[in-house]
Amino acid sequence: MSVDTPRRIVLLRHAKAEWSQDSDHERPLAERGRKDAPVAGRKLVDSGIVIDLALCSTAVRTHETWKLAVHEMPHRPKTVYEERLYEASLGDLIALLNETSDDVQNLLLIGHNPGMHALADALAGSAEGETMARMTRGGFPTAAFAVIEFSGSWKGVEHGVGKLVEYWTPND
């Protein structure tokens, strides 16, 4: 695959989690989260993007979100559970993107806020239609996803490199 191949980064925030006495890392999905995650999976399928690789945080709520979302997909992508996605800073997230093999065309990150929103904001140098305004106005709620397109190598992913082409929330 050429480094000039158009690539997509899909940023999926975990679905709504329970508040519990357990550690933050161990929080499971709430009932609403168990309903929203499969809907997000169906919307990803409707977008026509075939995910090549999914990087998922090791937190319980991200595992559960991904399990419910991927069940809706006709093609199950390779999945790597990545500890660095939990509590990741913007720099950590960009570093993960830069480590991605150029054999990957479409990458999905399943993670947490504020990182998912910060990464979408940072990478989107432009946007289609009202997508940026909608994301800015609505924030990045649970089970929301953003799709950013760019050309070039994953090693070249940096601020402003992409175009925000889709933004979806369970309230849409």
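Let me start with Arg 61, which in this predicted model has a relative accessibility of 5% and therefore counts as buried, since the cut-off for that label is under 20%. Arg 61 belongs to helix 2, the run covering residues 60-70. If we ask what its side chain meets, one polar atom there lies 2.6 Å from the backbone oxygen of Asp 24. Setting aside residues up to four places away in sequence, the residues that Arg 61 touches are His 14, Ala 17, Asp 24, His 25, Arg 27, Leu 29, Tyr 86 and His 112.

Let me turn now to the strands, and to strand 7 in particular, which spans residues 162-168 and is mostly covered, with five of its seven residues buried. Which strands pair with strand 7, and in what sense? Strand 5, residues 124-127, runs parallel to strand 7 and is joined to it by three bridges, with Ala 124 standing opposite Gly 162 of strand 7. Strand 6, residues 145-151, pairs with strand 7 in the antiparallel sense, over five bridges, and here Ala 146 stands opposite Tyr 167 of strand 7.

Terms used
Residues numbered from 1 in each chain as written. Predicted model: local features only at pLDDT ≥ 70, side-chain atom pairs only at ≥ 80, totals over all residues. Heavy atoms only, no water. Helix = DSSP H or I, 4+ residues; strand = E, 2+ residues; numbered from the N terminus. Buried < 20%, exposed > 50% of the residue type's maximum accessible area, 1.4 Å probe, protein only. Polar contact = N/O pair within 3.5 Å; in protein donor to acceptor, adjacent residues only side chain to side chain. Contact = heavy atoms within 4.5 Å. Pairing = 2+ DSSP bridges.
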